[in-house]
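Hi,

Here's the structure I said I'd pass on. Have a look at it first, and then read my notes on its helices below.

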Amino acid sequence: MHDTWAGTGDEKNAERLTALSDGIFAIAMTLLVLDVRVPPGLSPEGFRDAVRDVLPDLGAYALSFMILAAFWRDHRRIVELVPRFEGPSLKFALFWLGTIALIPFPTALLSEYASEPLAVAVYAGAVCVTNPVELAVLRTGLRAARHSDPATERDARFVAADLVGTALVFGATIPLAYVLSPAVAMWCWLTLLPVKVTTGLRSQRAQSSWRCPPVPDSARPPPGIRWRPGARLLTGRPSGTRSTCRGSAGRRGPRCPDRVRNAGLP
């Protein structure tokens, strides 16, 4: 029975990377707001001018915060799909976290020099590079697992489509900043919204069509392992892979264990 829960080491591996990434994201998101400030001791007229001058900083902060939030969401989905981070997947993950920590720098450039093509190109390039690196984390992690079920591959395709779409939009605006204008390039970033909405809706519809069977009493974990009553289980997954179960309404529930042997399931 204890072989059923052999994925505990994989869980700890993913939890360590998640803790590290959460810390880096928290620091990067906090650094974004440091450039949003108004100098003290201003006259009423100077204060109004300073508030107007800080609006580009607020815009750059809001844009980068949403981008980092999207990266964080995609990373959480990848952690659910990849059983273990080691070797190439771990190296790509650390390199990807390095690119995340760098985002405040191009954000500061964009807020101060939004009218310069180079500032817009540096920002778009930083975001563009981050996406394929995160995609490499996903693909190398799944390849190292050497087996995955159709549900995992389906979820991985949706994550990959989201990352590729973001990279293409920001990558295409790099030459636009020079050929047309920085303002046109930045407005083109809005085309990313319908892409993400469409990908998200398709992913939700696909997830709601998949169900896990209920866990019988014979598949309950041994003493000392937490298990939420009424949890649902995906059966037939190879050892070393992990997934997340969905309830009757397509909502995410407790994670499925890696494999259940002699559980008395049909």
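Ile100, Ala101 and Leu102 in helix 3 touch Pro104, Phe105 and Pro106 in helix 4. By class, that contact has 6 nonpolar residues, with no polar and no charged ones. Keep in mind that this is a predicted model.

How do you describe a pair like this? Two packed helices are described by the angle between their axes and the distance between the axes. Helix 3 covers residues 88-102 and helix 4 covers residues 104-112; they pack at about 30°, and their axes are 5 Å apart. Angles under 35 degrees count as roughly parallel, so helix 3 and helix 4 are roughly parallel to each other.

Now try the other pair, helix 2 (residues 44-81) and helix 6 (residues 150-179). Their axes come within 10 Å and cross at roughly 155°. Anything over 145 counts as roughly antiparallel, so that's what helix 2 and helix 6 are. Their crossing is left-handed. On the helix 2 side, the contact includes Ile67, Arg73 and Asp74, while the helix 6 side includes Phe158, Val159 and Phe170. The residues of this contact divide into 8 nonpolar, 1 polar and 5 charged.

Helix 2 deserves a look by itself too. It has 38 residues and reaches 55 Å from its first C-alpha to its last, close to the 56 Å expected at 1.5 Å a residue. Where is the kink in helix 2? Find Leu55: a kink of about 30° lies there, shortly before the proline Pro56.

Cheers!

Note on methods: Residues are numbered from 1 along each chain as its sequence is written. This is a predicted model: local features need pLDDT of at least 70, side-chain atom pairs count only at pLDDT 80 or more; totals for chains, interfaces and linings use all residues. Side-chain values use heavy atoms; hydrogens and water are left out. Axes are lines fitted to C-alpha atoms, for helices over the stretch in contact, and angles run from 0 to 180 degrees between N-to-C directions. Helices (H or I, at least four residues) and strands (E, at least two) are DSSP runs, numbered from the N terminus. Angles under 35 degrees count as roughly parallel, over 145 as roughly antiparallel, 65 to 115 as roughly perpendicular and the rest as oblique. A crossing is left-handed if the near helix is turned anticlockwise from the far one by less than a right angle, and right-handed if clockwise. Contact means heavy atoms within 4.5 Å. Ala, Val, Leu, Ile, Met, Phe, Trp, Tyr, Cys and Pro count as nonpolar, Asp, Glu, Lys and Arg as charged, and the others, Gly among them, as polar. The expected span of a helix is 1.5 Å times one less than its number of residues. The bend at a residue is the angle between axes fitted to the seven residues ending there and the seven starting there.
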